[in-house]
Amino acid sequence: MSHHSHTPAEPTRRPLSRRGLIKAVGATAVGASISTMASGRASAAGATAADAIVIGAGYAGGTVARELAARGLKPVVLEARDRVGGRIFTATFGGEQVELGGAWLGPQQELVHAELKRYGIGTYLDTVAEQVVLPGPSGLRTVSPEQAATVVEPLWNSFYEGSEKYFERPHDPLYRKDLLASVDPLSLQDRLGKLSLAPEELATLSGETSVYSGGKSTLGSLTGMAQWIQLSGGSYGTYTTTMTLRPVGGMGALLTAMLNESKADVRLSTPVTKITEAKGVVTVETSNGQTFTSPVVVVATPTNTWRSITFSPGLPTAHAQAASQGIGVPLATKVWIQLRGQVLAVQGQAAEGSALPMLIPQQQTSKGRIMVGFAGPSLDVSNRTKVLEAVRAYIPGAELLDYRVMEWGKTPYINGGWGLRKPNQLLTLFPAIEQPHGRILFAGADIARGWHGAFIEGAIESGLRAAEQAAGLI
Ligand SMILES: Cc1cc2nc3c(=O)[nH]c(=O)nc-3n(C[C@H](O)[C@H](O)[C@H](O)COP(=O)(O)OP(=O)(O)OC[C@H]3O[C@@H](n4cnc5c(N)ncnc54)[C@H](O)[C@@H]3O)c2cc1C
């Protein structure tokens, strides 16, 4: 999947031009060709000294690098994997550009649109569903998108009732801490149990709450999802627009532009194992035996990976708790499917426990229809027959040309999917989780204040904050 091009060593570092870099990364593996040449100054002890060190080259790390560069610093970015992007992974399937990780943007996500504008990257509307399959009183039924909205939206609006109060200011989630005390302990399952729903209504909601939770609706918090609704003006219908826009060139294009502007020294295949602060210097050690030093380090890796890094001094309470609990969901399995022939753009949703609780139509090609599904824990994604059976629950008679699976929960150095806070995590982790640990700082969508977890908007927000904190320490 990844295409390495090893650049021969040069006496002075010459970053790839923006044009060259974009060409180099293409649409297959984002950033796989970023130079791995050294730019830091080697110290007597064999350590490489850097102005600032950023750990993790996802959107949070890319934002930090770009912002520090804008302040005249030359950051070194240490990335464990052999590509940049993290939970964003633009690839090809069925001859088409697809996103194995995050795919869509919403018009209401202001930071990402400001970034797209900065780099002249446009967006376009993704495929719109022509039919919706959803739970009915006697099994799945097919309705028009308009009918589906009239059934589904009122259900969600009652599900999220009250969140306009406890998230009176959704960009400042702790503003009504007093009201949150009774709500933050609730899981999505707890909330489902509090509503008097007909079985098909429960099925309609539980498919989505289970997928977002990473397998089971008991895992995700009500406040985690309710905050996104309030960030969308309190309307579930508006919230669904977060899955409508796609950036030209794929989700990785903007990150490439940011890293390119940063001129950061991006070291791929460089997993960090230990971070030590002593006497105003932070020392970073990698599993390849390299050592880096810097006045400041930003940890921009998923919370689910923090426990595999040794911090000295040890992490403060909130960070230690986030490290042990994780915020990234355990199951986030995207199944890319190509169905033979002309197939309607069918959107499907089914109850928690279904093999494929969510199916989203993508483009029709000359060969067939591309679809993307989010698998439930019961689907054996290695079994082609089971995958086809799961699709046929929505589209009887569908013929499978090809499929491809991305299991984020099993991906090294990610160890989970998008973030969705667990019950109690908002009040126990925040606001302490945003605070620096001496000269060690933290960034990432998982710990964003606004569009947290499942959105690159949050990664950018958190990266902007961490960069400002870092600049204050240099
Ligand atoms: C299946 C899926 C669908 C999603 N859908 C959407 C969507 O439609 N729209 C949207 O906006 N968002 C979506 N998201 C969420 C979005 O992808 C994330 O919120 C965002 O990309 C996270 O960015 P980040 O920089 O915080 O972390 P990451 O992207 O995870 O980046 C962290 C980086 O740190 C690296 N790393 C980890 N450990 C180490 C180490 N020890 N040393 C060095 N490097 C390390 C990792 O390899 C990784 O590159 C989705 C996510 C998934 C998984």
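I note that the model is predicted, with local features needing pLDDT of at least 70, side-chain atom pairs counting only at pLDDT 80 or more, and totals for chains, interfaces and linings using all residues. Residues are numbered from 1 along each chain as its sequence is written, and side-chain values use heavy atoms, leaving out hydrogens and water.

**Ligand**

I found 38 residues around the ligand (a heavy atom within 4 Å). Glu79, Arg87, Trp104, Gly453 and Ala454 come nearest. A polar backbone atom of Val272 is 2.9 Å from a ligand nitrogen, and one of Gly85 is 3.5 Å from a ligand oxygen.

**Helix H3 with H16**

I took H3 as residues 110-118 and H16 as residues 456-471. Their axes (lines fitted to C-alpha atoms over the stretch in contact, with angles from 0 to 180 degrees between N-to-C directions) come within 8 Å and cross at roughly 80 degrees. H3 is therefore roughly perpendicular to H16 (65 to 115 degrees). Glu110, Leu111, Val112 and Glu115 of H3 make the contact (heavy atoms within 4.5 Å) with Ile456, Glu457, Ile460, Glu461 and Leu464 of H16. I recorded 5 nonpolar, no polar and 4 charged residues there.

**Helix H3 with H11**

I then looked at H11, residues 252-262, which packs against H3 at about 65 degrees with the axes 10 Å apart. Val112, Glu115, Leu116 and Arg118 of H3 meet Leu254, Met258 and Glu261 of H11. I recorded 4 nonpolar, no polar and 3 charged residues in this contact.

Definitions and conventions:
Helix = DSSP H or I, 4+ residues; strand = E, 2+ residues; numbered from the N terminus. Nonpolar A, V, L, I, M, F, W, Y, C, P; charged D, E, K, R; others polar. Polar contact = N/O pair within 3.5 Å; in protein donor to acceptor, adjacent residues only side chain to side chain. Parallel < 35°, antiparallel > 145°, perpendicular 65-115°, else oblique.
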